[in-house]
Amino acid sequence: MNWVTNMVYITGDKHGSYAGVRSFCATHNTTKDDVLIVLGDNGINFYRDARDYWLKHKLSKLPITLFLIKGNHDARPEKIKAYHESEFWNGKVYIEPSFPNLIFAKDGEVYDINGHKALVIGGAYSVDKEYRLINGLKWFSDEQPTPEIKSNVERLVSSVKSFDFILTHTCPLSFISKHNIVDELFDDTDTSTEEWLDQIESCVFYRCWYCGHWHVDKDCESARFMYHDIESLE
């Protein structure tokens, strides 16, 4: 089924805090026929206990549909029994029947967003991994794209060379230095995902690459880093 939605918006990491989204919905008179893409670290399946349930319950009342890309601080929905595979925007997604307006993208899938072709790739390395492990905080061992996901994406882009949008949590490594995103990376930072995204970026054409993860709102030529901002995908 080709899902055509009214308005499509996009934003960065929310980490479970959606007060800004609630205000945006009120200001723009959104409905559940409108969609907000969240570029990872959405915080919805983070604690894996009742706290997740109550957040999803509150978000289910929002007058908008959330299209959620996996961040490094998100559990993979395909590993949670409550979710089943469905279809949205002509691509595979994961939905929990109790919260149908919370739609989780599948890594490596291509979506038809109102006639625009978008490739989605979630995941990243947590720079605070050691701190989390030492202090008993949540950390997901499968936070980065798996070898299977990478292989599937590589096969895909070998045949599909052009996309309107590429939607990822982190970004190609070259973007970080080129656009002065951070002063420097820690010596022990695992940049394997960003290096792999460099390879993907070098062999595809795209109109705009959207990413989150770096906690900055910055427009950089054909790349858009997003955090607090909410804007129309069009």
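Analyst: Two strands pair if DSSP finds at least two bridges between them. Helices (H or I, at least four residues) and strands (E, at least two) are DSSP runs, numbered from the N terminus. The structure is a predicted model, in which local features need pLDDT of at least 70 and side-chain atom pairs pLDDT 80 or more, whereas totals for chains, interfaces and linings use all residues. Residues are numbered from 1 along each chain, and side-chain values use heavy atoms, without hydrogens or water.

User: What makes β1 and β13 a pair, and in which sense do they run?

Analyst: Three bridges join β1 to β13, and the criterion asks for at least two; the two strands are therefore paired. They run antiparallel, and Y9 stands opposite S232 of β13.

User: How do you know that β1 and β2 pair, and in which sense?

Analyst: Four bridges connect β1 with β2, in the parallel sense. Residue T11 stands opposite V38 of β2, and L36 of β2 is the bridge partner of Y9.

User: What is the handedness of the crossover from β1 through α1 to β2?

Analyst: This β-α-β crossover is right-handed: with the strands pointing away from the viewer, the path from the first strand over the helix to the second runs clockwise.

User: Which way do the residues of β1 point, and are they buried or exposed?

Analyst: V8 and I10 point one way, while Y9 and T11 point the other way. All four residues are buried, a label for under 20% relative accessible area, with exposed meaning over 50% and partly exposed in between (1.4 Å probe, protein chains only).

User: Why are β4 and β13 called edge strands?

Analyst: They belong to an open sheet of seven strands with mixed pairing, in the order β4-β5-β6-β3-β2-β1-β13. Each of β4 and β13 has a single partner strand, so one side of each is left without a neighbour in the sheet. From one strand to the next, the twist of this sheet averages 35°.

User: How do you know that the buried residues of α1 line one face of the helix?

Analyst: The buried residues of α1 (19-28) are V21, F24 and C25. Seen down the helix axis, they fall within an arc of 100°, so they line one face; the arc is that of the directions from the axis to the C-beta atoms. The face turned away from the buried side carries exposed A26 and T27. The cover over the buried residues includes β1, β2 and β13. Helix α1 lies across these three strands, at about 40° to β13, with axes fitted to C-alpha atoms (for helices over the stretch in contact) and angles from 0 to 180 degrees between N-to-C directions.

User: What arc do the buried residues of α6 span, and what do they pack against?

Analyst: The buried residues of α6 are T193, E194, W196, L197 and I200. Their arc lies within 160°, so they too line one face of their helix. They pack against β8, α4, β9, α5 and β10.

User: Why is D74 called buried?

Analyst: Its relative accessible area is 2%, and the limit is under 20%; D74 therefore qualifies as buried. The residue sits in the loop between β3 and β4. A polar atom of its side chain lies 3.2 Å from the backbone nitrogen of N42, and one lies 2.7 Å from that of G71.

User: What makes the approach of Q144 to D190 a polar contact?

Analyst: The two side chains meet at 3.1 Å, and a polar contact requires N or O atoms within 3.5 Å, one able to donate a hydrogen and the other to accept it (residues adjacent in sequence count only if both atoms are side-chain atoms). Q144 is found in the loop between α3 and α4 and is buried, at 15% relative accessible area. Outside its sequence neighbours within four places, Q144 also touches R76, A124, Y125, S192 and T193.

Note on methods:
Contact means heavy atoms within 4.5 Å.
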